[in-house]
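Welcome! Please take a look at the sequence and the 3D structure, and keep both open as you read.

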Amino acid sequence: MHEAPKSTTRSERIRLVVNADDFGYAPGVSQGIVECANRGIVTTTGVFGNAADPIECARLLRDAPGLEAGVHLTLSHGAPLTEAMRRRLGRHGGRFPDKFAMAWAVSRGAIRCDVLEAELRAQVDAIRGAGIAVAFLNAHEHLHMHPRIFPIVGMLAREAGVRHVRITRRDLVGGGGLGGFVRGSVISMLAPRDVEGIDGDVGFLGLARSGRIDVPYLTEVIPLLRSGRTYELMCHPGFVDPVLARDARLAKYHDWDLERRALQDASVRALLVRHGVDLVRFSELGARSCSNDVPA
């Protein structure tokens, strides 16, 4: 027997932002996100701050008129936009190193805060300069959660009139093995509280299965969402891109096709309806409380 839909008032309903990362990473990724916005449940997407062609990103976004955009800031992929950052990364050929090397460089002061600020501001300006309205900020591989980086991102958000900066938290469900547990624990310790001008009361989903969100995960997590709360589901849908497919590390972490299919699955949409979940965009959020506590 099927479970009957929940009968809830407007204030009791759950609000869910389904936020696809990595727009502009590769053509296949961007096209998959557009498809998930038009045919699935994706409501927002983060455009790579150092995307090779922001104007093309803006053109592709017009193919999904209901899709809201933000900036997916990056300090661990591709080439910096500022000369100062390129000089600091000379030992890496003037390109961003992996997230661990970058986090270590920032932690020990090898990359000053003024250099970080200039680079991240340039990325926000590049996306806005392409004519893309920016509704939120987050960062590739969660590097914005670094204690020396988050205050800069918060400042840039306030300057841009943006209230929503992703605060990555431990998932409601397990997964990812020991590495996933460690990552979740570290992220939980880094999560800032009561950031001026930033709405931090948005729960976070998807960390445990990052890169491999599937129907079983969604079937498990959606019933755990609490009435009257707001959540963000991080996802990475797309089509397999020939260039990305040559990178064994990315292929191990991501299953773009798996996520693209899951986010368009009719059973997932039916589950959202059954549990009183409204799909929303960041611009539609008000000051509502949320936590990642599993309901009793």
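Here is a short briefing, grouped by topic.

This is a predicted model, in which local features need pLDDT of at least 70 and side-chain atom pairs count only at pLDDT 80 or more, while totals for chains, interfaces and linings use all residues. Residues are numbered from 1 along each chain as its sequence is written, and side-chain values use heavy atoms, with hydrogens and water left out.

**The whole protein**

- The protein has 12 helices and eight strands; helices (H or I, at least four residues) and strands (E, at least two) are DSSP runs, numbered from the N terminus.
- Of its 296 residues, 53% count as buried; buried means under 20% relative accessible area, exposed means over 50%, and partly exposed lies in between (1.4 Å probe, protein chains only).
- The accessible surface is about 13200 Å², and carbon and sulfur atoms account for 53% of it; such areas come from the Shrake-Rupley method with a 1.4 Å probe, and for residues only the protein chains shown count as cover.
- Looking at contacts (heavy atoms within 4.5 Å) between residues at least 6 apart in sequence, 78% join residues at least 24 apart.

- Which residues of helix α12 (residues 266-274) are buried? They are Val268, Leu271 and Leu272.
- These three cover an arc of only 100° around the axis, so they sit on the same side of α12; the arc is that of the directions from the helix axis to the C-beta atoms.
- An α-helix has 3.6 residues a turn, so residues three or four places apart point the same way.
- Ala266 and Val273, on the other side of α12, are exposed.
- The cover over the buried residues of α12 includes β1 (14-23), α8 (215-221), α11 (256-262) and β8 (277-279).
- After α12 comes Gly276, which has a positive phi near 70°.

**Ser76 and Glu141**

- Ser76 sits in the loop between β3 (68-73) and α3 (83-88), and Ser76 is buried, with a relative accessible area of 9%.
- Leaving aside residues up to four places away in sequence, Ser76 touches Phe96, Pro97, Asp98, Lys99, His140, Glu141 and Leu143.
- The side chains of Ser76 and Glu141 are joined by a polar contact of 2.7 Å; a polar contact is a pair of N or O atoms within 3.5 Å, where within protein one must be able to donate a hydrogen and the other to accept it, and residues adjacent in sequence count only if both atoms are side-chain atoms.
- Glu141 is in the loop between β4 (136-139) and α6 (150-160) and is partly exposed at 26% relative accessibility.
- Phi of Glu141 is near 60°, a positive value in a residue other than glycine.

- Asp22 lies in strand β1, and its phi is near 80°, a positive value in a residue other than glycine.
- Is Asp22 buried or exposed? Asp22 counts as buried, at 1% relative accessibility.
- Gly161, in the loop between α6 and β5 (164-165), counts as exposed at 65% relative accessibility.
- Gly161 and Phe136 are 25 residues apart in sequence, and their C-alpha atoms are 9.3 Å apart in space.
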